[in-house]
Protein chains: 2
Amino acid sequence: MTIRLYDLAGADERCRFSPFCWRTRLALAHKGLEVETIPWRFTDKAKLPEPSNGRVPVIVDGDRVVHDSWAIAEYLEDQYPDSPSLFPAGAGRPVALFLNTWADTVLNPAVAKLVVSDITDRLHAADLTYFRMSREKRFGMPLEQVTAERDAALPGFRKLLEPLRQPLRRVPFLGGEAPAYADMIVFGAFQWARVVSPFELLAADDPVAAWRERMLDLHGGLARAVPGRG
Amino acid sequence: MTIRLYDLAGADERCRFSPFCWRTRLALAHKGLEVETIPWRFTDKAKLPEPSNGRVPVIVDGDRVVHDSWAIAEYLEDQYPDSPSLFPAGAGRPVALFLNTWADTVLNPAVAKLVVSDITDRLHAADLTYFRMSREKRFGMPLEQVTAERDAALPGFRKLLEPLRQPLRRVPFLGGEAPAYADMIVFGAFQWARVVSPFELLAADDPVAAWRERMLDLHGGLARAVPGRG
């Protein structure tokens with residue numbers, strides 16, 4: 001049966017530009033499913049089938065209505081398991097490298113800005129001068145100045161973690177039911193902060209905090225065995 | 001044979017805090033491999049085995065020396081394929097949701113800031129007022145002002161793409177040899193920009209640009225069939 005897709009359109013009906021609808025359009029093509037697209041405009045909210053949240057994409061598959069591009073991808077994967085997978089095994093390594101680079105360029109530098117001045121307390125005497133000079137050159141200021149406003153910076157830091165929070169609300173690990181290297185990439189940053197600094201990065205009710213506990217429990221508490229400063 | 005791991009240590013030798021070494025330490029444990037950790041300080045560069053880049057982690061496995069946490073993860077996965085995988089099939093969906101949230105909270109808003117004023121040219125007359133009012137409320141300024149400095153904003157935008165660039169330098173798709181939903185998530189943003197705006201987001205020699213061409217070619221040129229404005 002042909003699936004109907006409500007698809008954002010411009011003045012020219014052929015102009016389809018929603019990034020979210022394109023996710024769905026390509027997912028349907030990937031699965032080899034027949035689709036009829038229905039051009040839709042922002043002001044056509046009343047024309048959408050229910051349930052929807054007044055936004056596209058919305059698909060109608062027989063008597064099922066599914067909205068939200070992520071929910072649609074999960075629906076298609078689960079409903080049509082014999083067609084090409086949207087989440088194939090082969091996706092693991094490149095996407096882990098995406099996370100690795102995200103951690104290197106976004107997460108770790110953000111953690112550094114919150115804890116770097118505490119690292120000096122932990123360093124071997126031989127390293128102190130090297131560390132302070134090289135890091136103060138990198139930051140362009142004394143390390144104490146980098147972290148001086150960290151209470152104010154914390155909400156911005158926590159906002160950066162939203163991509164982690166979404167999957168970790170649903171499954172125990174980025175690897176799903178079991179940890180994968182993606183978990184280790186991200187955990188490295190939190191373990192670093194935990195060992196060098198008493199400054200708490202996470203709210204107690206953050207799903208990322210619960211995941212951090214699970215990571216600390218792995219392998220008989222391997223990472224927990226190094227005392228934290230919190 | 002026991003693998004040796006050069007591991008960043010503080011004054012207290014038990015204080016191990018490098019986020020990169022923790023990635024490797026947990027990867028070794030995940031694989032069930034015996035490890036002897038060698039405490040190392042920033043100023044011990046001469047004590048590292050070669051090849052290294054003067055940084056840890058470095059592992060020595062028999063006569064193999066491997067440095068850089070990502071290279072080590074790949075080495076362990078390839079060298080010890082019968083132990084638990086670092087990149088298991090099950091990792092696909094949660095990590096795709098990480099990417100989905102990254103796209104929603106980082107990529108798409110960044111694209112919007114570069115092209116949003118061009119969208120009005122494409123909209124159906126019925127949508128124009130709604131779109132301009134709702135988006136100008138969101139941005140707190142006229143749409144033309146949002147994009148006025150886009151040439152200056154472009155380098156910062158391209159820097160955001162580094163997590164995409166790294167895997168796409170190595171494999172054709174985030175899914176590896178074939179596209180996965182992760183590719184569709186990200187491509188949605190680029191297709192949106194392509195359809196609504198003549199403003200070019202990518203340098204011609206960016207691996208992300210070559211990947212965008214591959215995405216445009218999928219399914220007989222499904223996405224390319226919608227004319228761009230570039």
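## A guided tour of the two-chain model

Start with chain A, which has nine helices and four strands (DSSP runs numbered from the N terminus: helices are H or I with at least four residues, strands are E with at least two). This is a predicted model, where local features need pLDDT of at least 70, side-chain atom pairs count only at pLDDT 80 or more, and totals for chains, interfaces and linings use all residues. Side-chain values use heavy atoms, with hydrogens and water left out, residues are numbered from 1 along each chain as its sequence is written, and chains are lettered from A and ligands numbered from 1 in the order in which they are written.

Colour chain A by secondary structure, and along the sequence you will read β-α-β-β-β-α-α-α-α-α-α-α-α. Its C-alpha trace spans about 70 × 40 × 30 Å along the principal axes.

Next, select residues 3-79 of chain A as domain 1 and 90-221 as domain 2; these bounds come from an automatic or database domain assignment. Their C-alpha centres lie 37 Å apart.

Now select residues 105-230 of chain A, which an unreviewed UniProt entry annotates as "domain: GST C-terminal". UniProt positions are in the numbering used here, feature names are shortened, and annotations may be inferred rather than shown by experiment. This stretch is 68% helix and 0% strand, with its end C-alpha atoms 25 Å apart.

Zoom in on Asp68(A), in the loop between β4 (64-67) and α2 (69-79) of chain A. Although not a glycine, Asp68(A) has a positive phi of about 90°. Asp68(A) is partly exposed, at 39% relative accessible area (buried is under 20%, exposed over 50%, partly exposed in between, using a 1.4 Å probe and protein chains only).

Then jump to His219(A) in helix α9 (residues 207-221). Here too phi is positive in a residue other than glycine, near 55°.

Switch to chain B and pick Asp68(B): one of its side-chain oxygens comes to within 3.0 Å of the backbone nitrogen of Trp70(B), at the start of α2(B). Along that helix (residues 69-79), the buried residues include Trp70(B), Ile72(B) and Leu76(B).

Still in chain B, select Pro51(B), in the loop between β2 (35-40) and β3 (58-61). A cis peptide bond joins Glu50(B) to Pro51(B), with omega about 0°. Pro57(B) lies in the loop between β2 and β3 of chain B, and a cis peptide bond joins Val56(B) to Pro57(B), with omega about 5°.

Finally, show both chains. A rotation of 180° with 0.0 Å of shift along its axis superposes chain B on chain A, with RMSD 0.0 Å (least squares on C-alpha atoms of residues with pLDDT of at least 70 in both). The two copies are thus related as by a two-fold rotation axis.

Terms used: A polar contact is a pair of N or O atoms within 3.5 Å; within protein, one must be able to donate a hydrogen and the other to accept it, and residues adjacent in sequence count only if both atoms are side-chain atoms.
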